[in-house]
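Please examine the sequence and the structure shown below.

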Amino acid sequence: MVKAVRGMRDILPEQSRRWRLVEDTLAAVLTGHAYEEIRLPLLEFTELFARGVGEATDIVEKEMYTLADRDGDSLSLRPEGTASSVRMLQEHGLLFNQTQRICYAGPMFRYEKPQKGRYRQFYQIGAEAYGLAGPDIDAELIGLGWACWQALGITEMVTLEINTLGSGTARQQYREALVAFLTPLKDRLDEDSQRRLSTNPMRILDSKNPATQGLLVEAPKLPDFVDADSTAHYEGLKTLLSAMGIPFRENHKLVRGLDYYTHTVFEWVTSDLGSQGAVCAGGRYDGLVERLGGKPTPAVGFAIGLDRVVLLHELAHKDAPSDKTTTATDVYICVPDQSVMSGAMNQARLLREALPVLRVRLHMGSGNLKKQLKKADASGARVAVIFDAESESAGTLTLKHLRDAELGQETLPYDDAVGRLRREIC
Ligand code: ATP
Ligand code: MG
């Protein structure tokens, strides 16, 4: 038998119900903040990510699924959404002299070591704002994340970390100072950090290696390099966050893996998922639009790692939240007499039309009434409708209440039966 590709996710019906709940909850929060959805292609030219994410990042260096198109173009499955969203908005003339607040959702692909909370196909929901330069929009986006955790009931499990990288120039100057400091110590750095020293030195701050962290104690500190404008922006953000009642922790070592960040960076982290600590990451990337060929445009955004958020949701709400989300069926129509199947199909259609929120499943295959009622019970339905030749000729429905023995069974004219189902289930 052919198995799934390693790291690609199978999400089974029971898990899908939780995913749907989490996705719908987050979508409602995004809509409530008036962020508009865009849909991005899964495939882009590899060059978009090389330029947009950065050649020296883990993603571009070793995590992309890259393939040659039949005409020889190099394409990559998207490893993240921001480069694509800039490309899309730019290509359709939606950035210049305008502001945009957009969101996107869907699978991303990275060739990494699969483990709990880390997959090769994983899901992100992102929110981004273009054309707005102030700390207020940074705060709005962080507030949007906070509203997501509140809506999901997981605020206790996540902590906000923030930092500022300064302007592009400040970041460059710090990078040089860090390289000058670490180069003589190169032999004492861990292997990854040695490589990063020439490619992406600020990522060394992220190293989990204790010896490397030991060396960093004496290293130049990022806050000493941050320019006055950036500091004012950062202070503005902190004031707004405090006013919004959002707790945060400053982490001067938070630099983020992607090349394109400037000024504000932030992460929502958890200690409930082992080493997969980040559930949402973002920041400001004022240089990105220009880097991808557009006019300079301030931009800020984040991406939520949905797989990890679903895991947190599972920890916070072990039982799925309500019947409505734990079962797939509200009404199960039993058809003990196969000769009235076409009437039963019609009946199912009418019920779905009359009560659109109802999830109606029609029994298929044979089986006597007792067997069919067993299936009805196992489906989680609250009511079984028994549809036989008599129901068809008399225009009635027999309802059997499966979850409340006292209500028992009743045969009602069709319209009354619909009213009964509406009261009982909707
Ligand atoms: P990490 O340090 O965990 O690799 P990252 O910095 O590479 O994360 P981002 O590119 O910022 O992650 O993506 C935003 C969010 O997407 C992360 O905070 C995380 O929740 C989620 N994410 C990233 N990579 C994966 C993955 N392979 N599997 C599941 N979720 C992921
Ligand atoms: Mg990563």
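Asp 71 is found in the loop between β3 (66–68) and β4; strands are DSSP runs of E with at least two residues, helices are runs of H or I with at least four, and both are numbered from the N terminus. This is a predicted model, in which local features need pLDDT of at least 70 and side-chain atom pairs count only at pLDDT 80 or more, while totals for chains, interfaces and linings use all residues. Residues are numbered from 1 along each chain as its sequence is written, chains are lettered from A and ligands numbered from 1 in the order in which they are written, and side-chain values use heavy atoms, with hydrogens and water left out.

Asp 71 has a relative accessible area of 59% and is therefore exposed. Exposed means over 50% relative accessible area, buried under 20%, and partly exposed in between, with a 1.4 Å probe and protein chains only. A polar atom of the side chain of Asp 71 lies 3.2 Å from the backbone nitrogen of Asp 73. Between Asp 71 and Met 88 there are 23 Å in space, C-alpha to C-alpha, and the two are 17 residues apart in sequence.

Ser 76 lies in strand β4, which covers residues 74–77. Its relative accessible area is 0%, so Ser 76 is buried. Not counting residues up to four places away in sequence, Ser 76 touches several residues, including Leu 42, Phe 49, Met 64 and Tyr 65; a contact means heavy atoms within 4.5 Å.

## The nonpolar cores

A nonpolar core is a set of buried Ala, Val, Leu, Ile, Met, Phe, Trp, Tyr and Cys residues joined through side-chain atoms within 4.5 Å. The largest one has 88 residues, and Trp 149 and Trp 268 have the most contacts inside it. Helix α5 (residues 135–152) supplies the largest share of this core, with ten residues. Apart from it lies another core, of 22 residues, among them Met 341, Val 385, Leu 412 and Ile 425.

Trp 268 touches Trp 149 itself, and its other partners include Ile 142, Trp 146, Leu 160, Ile 246 and Val 279.

Which atom of ligand 1 is 2.6 Å from an N or O atom in the side chain of Glu 112? It is a nitrogen atom. A nitrogen atom of ligand 1 also lies 2.9 Å from a backbone N or O atom of Tyr 119, and an oxygen atom of ligand 1 lies 2.8 Å from a backbone N or O atom of Ala 278. Taken alone, ligand 1 exposes 580 Å², and the protein buries 87% of that.

## The protein as a whole

The protein has 426 residues, and 50% of them count as buried. Its secondary structure comes to 16 helices and 16 strands. Along the principal axes, the C-alpha atoms fill a box of roughly 90 × 55 × 45 Å.

Terms used: Polar contact = N/O pair within 3.5 Å; in protein donor to acceptor, adjacent residues only side chain to side chain. Areas by Shrake-Rupley, 256 points an atom, 1.4 Å probe, with all protein chains shown as cover.
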